[in-house]
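Welcome, and thank you for taking a look at this structure. Let us walk through it together, one place at a time.

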Amino acid sequence: MFAFSNFFLAPSLDVAYSELLKNKKNIILGGTSYLRMGNTSWNTAIDISNLNLNYIEEKDDFITIGSMTNFRDLETNHILNTYFGNIFNIALKDIIGVQFRKNVTAGATVFSKYGFSDLIPVLLALGTKIKLFAGGIVTLEDFLKETTVRQDILVEVLIPKIKTVCSFQTVRKSKTDYSIINLAICNNKNNISIAVGSRPGRAVLAKETMSILNNSDNLELSIIDALKHISEEISLDSNMRSSKVYRELLLTALLKKGIQEVLK
Ligand SMILES: Cc1cc2nc3c(=O)[nH]c(=O)nc-3n(C[C@H](O)[C@H](O)[C@H](O)COP(=O)(O)OP(=O)(O)OC[C@H]3O[C@@H](n4cnc5c(N)ncnc54)[C@H](O)[C@@H]3O)c2cc1C
């Protein structure tokens, strides 16, 4: 169990951020499910739950998701379902159970860049940006590439407001285990995007494979090429959940299934 010396209920984002900067061992609290798995002793735990950051809103160009929004709200939200079908529901429904998903937050998940995340590939394939309190707006793709950990607060997630047909593919050894590999495939008017997660590293976009699919006038041939190319493009590895070779086999099979679903 994690511990902290002081608890600070932030009255505003400004104050939360200045409190965060005061000590390298100060942290922002999300739903605390992941923090509770560790044994770290922190200095000040900063609670941002009073700052109205639990929302999913439709704006002119984006759907914005506040950082304290929980997974259950993402799964069941009518705005997300209207624009992206049920991809959030499909991607998140096997994470432990409903009570757990009512607690874990979008902001903590994205900020932590978990390699095993089922949410991050979905957001990545949808062309998401994130808003950091100090760092401003950056693409999720660039943020995931950063190797240093920012001392910042993720304020909201911004998904382009474009109706998109999506498919989420994953394999787990048992229903509530982490994904062995996961893919989000999205088709926005025949422009296909593919994000691969649980490689087991952080999620990445399969840009070359996307380009094979999107720049061809013979879709059938381009699908064959894409299926051949994806394991050359995406680096996979072994860990306690799966060997690299098994992941490679799954990657091709799941991509095929996902492409078929988004082209239906
Ligand atoms: C037992 C278990 C099983 C899981 N299984 C899966 C799974 O199968 N698939 C899956 O996708 N995920 C899984 N997860 C991860 C889960 O979905 C969440 O991603 C994770 O728990 C983090 O969310 P949280 O709200 O609990 O974060 P917290 O534990 O509160 O915080 C995590 C980190 O994020 C930081 N943080 C929190 N909020 C912010 C913010 N707004 N800005 C900046 N930093 C912030 C915290 O300081 C901390 O370092 C699992 C987690 C657990 C504990």
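Keep in mind as we go that this is a predicted model. Leu9 has its place in strand β1, which covers residues 3–9. Leu9 counts as partly exposed because its relative accessibility is 42%, and that class lies between the buried limit of under 20% and the exposed limit of over 50%.

Now let us turn to the ligand. There are 31 residues around the ligand, and those that come nearest are Ile28, Gly31, Thr32, Thr109 and Asp118. For Leu154, a polar backbone atom is 2.9 Å from a nitrogen atom of the ligand. How much of the ligand does the protein bury? Taken alone, the ligand exposes 980 Å², and the protein buries 92% of that.

Which elements give two or more residues to this shell? They are β2 (27–29) and α6 (106–112), with α6 providing the largest share, 4 residues. Sorted by class, the shell holds 18 nonpolar, 9 polar and 4 charged residues.

Leu154 leads us on to another residue. The backbone oxygen of Leu154 lies 3.2 Å from a polar atom of the Ser67 side chain. You will find Ser67 in the loop between β5 (62–66) and α2 (71–76). Ser67 counts as buried because its relative accessibility is 3%.

A few places in the backbone also deserve a look. Ile96 has a positive phi of about 50 degrees although it is not a glycine, and this residue sits in the loop between α4 (87–92) and α5 (98–101). Lys113, another residue other than glycine, has a positive phi near 55 degrees; its loop runs between α6 and α7 (119–125). Is each of these residues buried or exposed? Ile96 counts as exposed because its relative accessibility is 51%, while Lys113 counts as buried because its value is 7%.

Our last stop is the peptide bond from Arg199 to Pro200, which is cis, with omega near 20 degrees. Pro200 belongs to the loop between β11 (191–197) and β12 (204–205).

Technical notes: Residues numbered from 1 in each chain as written. Predicted model: local features only at pLDDT ≥ 70, side-chain atom pairs only at ≥ 80, totals over all residues. Heavy atoms only, no water. Buried < 20%, exposed > 50% of the residue type's maximum accessible area, 1.4 Å probe, protein only. Near = heavy atom within 4 Å. Polar contact = N/O pair within 3.5 Å; in protein donor to acceptor, adjacent residues only side chain to side chain. Areas by Shrake-Rupley, 256 points an atom, 1.4 Å probe, with all protein chains shown as cover. Nonpolar A, V, L, I, M, F, W, Y, C, P; charged D, E, K, R; others polar.
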